[in-house]
Amino acid sequence: MPIFRINMIDQFINFVIRPPRAEYNPDQYLWEKDFTLAGRSYKREDLELKNARGHTLLCSHYLPSPLPEDTPLPCVIYCHGNSGCRADANEAAVILLPSYITVFTLDFSGSGLSDGDYVSLGWHERDDLKVVVSYLRSNKNISRIGLWGRSMGAVTSLLYGAEDPSIAGMVLDSAFSNLYNLMMELVDVYKIRLPKFTVKMAVQYMRRVIEKKAKFDIMDLNCLQVAPKTYIPALFGHASDDRFIQSHHSDLIFKSYAGDKNIINFDGDHNSSRPQFYYDSVSIFFYNVLHPPQISTAHSSKLEKYYDLGDLKVGAGMDESLLYEIFTGLHSARTDAASSSSVPPSVSTAKSVDELLSEIAPVTTVDSMLNENNTPGSLETSHLQDKPNGQNEECCSYTSSNRESWGRCSSLGGSDEESSADCTAADNGHQKTLKAFATPLRSMKKKSSEPSKEDKKKTTTPVPKKPKSEKFEKLEALSKRLRLCFLRRVNHRRQRSS
């Protein structure tokens, strides 16, 4: 072969087994030894493991700090790509740690700061992964184990998963189906103009050189041979504009994969950041297959506080009509959110207050209090009932700059002193109507004056829910308002205007 072609082939060999190596400072590119996410404390434990070839593997394990007592946690092992390192798992830590799923990451042999001179695109990395899994199995604080691999790491995960069915689940991002076919495709992608027979001869030459240097046969790296024998639940992902490993590789593996599977295609290329909806899908997938424990936190008691009305005794010098008015408002919240009808619902006064309290509990759950038709960022006040002519209106105010305003009622056109009252009622003869809001709701769609039958049949389309901590704040706000209404016997009346 001409010398320039041999040099080109040597560059291609290095492209396969000796890509650019990540050199980094762990203290600068990894999460800190002690850090905080979403108000919780976590730690990074660094360790070293030895693989079967005697290479030292540098590893990091992200864990809650402190670890829950007598409660083992699941772990996801993140497997980086051919030019990657431990720092690639930073996003995985952010996504999984809040769900009490620990994250283990390593520099494979030949990558990052670990020993070794060459990578093998999954062949020897599979043995490195086996060492990590064995280490985690010996850790009593670890329960189930999942794998999350990207590019070379996805192939590594698939090759290992075929040998270890105890793995709970795998996320496989941008895996190649067959290394030989990939190399032939890259010749076209990078426009290496050689006759076809010359390319085949070059590949055979590369095969011998790679086997001599990196100690593996490129013909053995075939995911299509192991996919039909693997039954671990798997989530596949691939970027639609990936030109390095084209998306049809994941399609071929997905088609032949034997286990429970799903595939997500998204915009981007091989090295682009993944979209948020993909990370959300990964988080849900691992939550379902790893079953992390439900561990109580500082907010765990807020839901109980929401239903706790203190030492309230019905009949202890208290006007029960006020309770019926509040329940009317809460029933209105449920009815208006689920129906286009403009008729205000009624609450039977034949029932006891205790019965009404038990009925209202499911109405004021987190999900039912939010109108899922609107965007999470909507801060507009909702109208739960159609306002009769001339009747003043009660509402709850909330702005992003003042969360303490939860549960505070204000009247349109009222003074500051009047708006400080927590509950108000309109008096028309002997009839009272209270518009009590359990929480400030997101903006609802305006009700049409003549709703069609099709509109009534439409169901509410859910959107991403708000964080639990914020929902609990809303729920606790109702508890505070009810306490003020009950214990202070707030009965702020407004006369109907002439």
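Reader: Is Tyr278 buried or exposed?

Author: This is a predicted model. Buried means under 20% relative accessible area. Tyr278 has a relative accessible area of 0%, so Tyr278 is buried.

Reader: What about Tyr279, buried or exposed?

Author: Tyr279 is buried too, at 10%. Tyr278 and Tyr279 form a tilted aromatic pair. Their centres are 6.1 Å apart, with 50° between the planes.

Reader: Which residues do ring pairs link into a cluster?

Author: The cluster holds Tyr78, Trp148, Phe266, Tyr278, Tyr279, Phe285 and Phe286.

Reader: How many aromatic pairs does the structure hold?

Author: There are 14. One of them joins Phe12 and Phe15, tilted, at 6.0 Å centre to centre and 35° between the planes. Both residues lie in helix H1 (residues 3-17), three residues apart, about one turn of the helix. Phe12 is buried at 11%. Phe15 is partly exposed at 32%.

Reader: Which charged end sits over the ring of Trp123?

Author: That of Arg126, 4.3 Å from the ring centre. Likewise, the charged end of Lys261 sits over the ring of Phe254, 4.9 Å from its centre.

Reader: Now the sheet. How do strands of a sheet pair?

Author: Through backbone hydrogen bonds, either parallel or antiparallel. Here, nine strands form an open sheet with mixed pairing. The order is E1-E2-E3-E5-E4-E6-E7-E8-E9. Strands E1 (34-37) and E9 (261-266) are the edges, each pairing on one side only. The twist averages 20° from one strand to the next.

Reader: In which sense do E1 and E2 pair?

Author: Antiparallel, over four bridges. Asp34 stands opposite Lys43 in E2.

Reader: Which strands does helix H5 lie across?

Author: Helix H5 (residues 152-161) lies across E4, E6 and E7, running at about 135° to E6.

Key:
Residues are numbered from 1 along each chain as its sequence is written. This is a predicted model: local features need pLDDT of at least 70, side-chain atom pairs count only at pLDDT 80 or more; totals for chains, interfaces and linings use all residues. Side-chain values use heavy atoms; hydrogens and water are left out. Two strands pair if DSSP finds at least two bridges between them. Helices (H or I, at least four residues) and strands (E, at least two) are DSSP runs, numbered from the N terminus. Axes are lines fitted to C-alpha atoms, for helices over the stretch in contact, and angles run from 0 to 180 degrees between N-to-C directions. Contact means heavy atoms within 4.5 Å. Rings of Phe, Tyr and Trp (its six-membered ring) pair if their centres lie within 6.5 Å; planes under 30 degrees apart count as stacked, over 60 as edge-to-face and the rest as tilted. Buried means under 20% relative accessible area, exposed over 50%, partly exposed in between (1.4 Å probe, protein chains only). A charge sits over a ring if NZ of Lys or CZ of Arg is within 6 Å of the ring centre and within 35 degrees of the ring normal.
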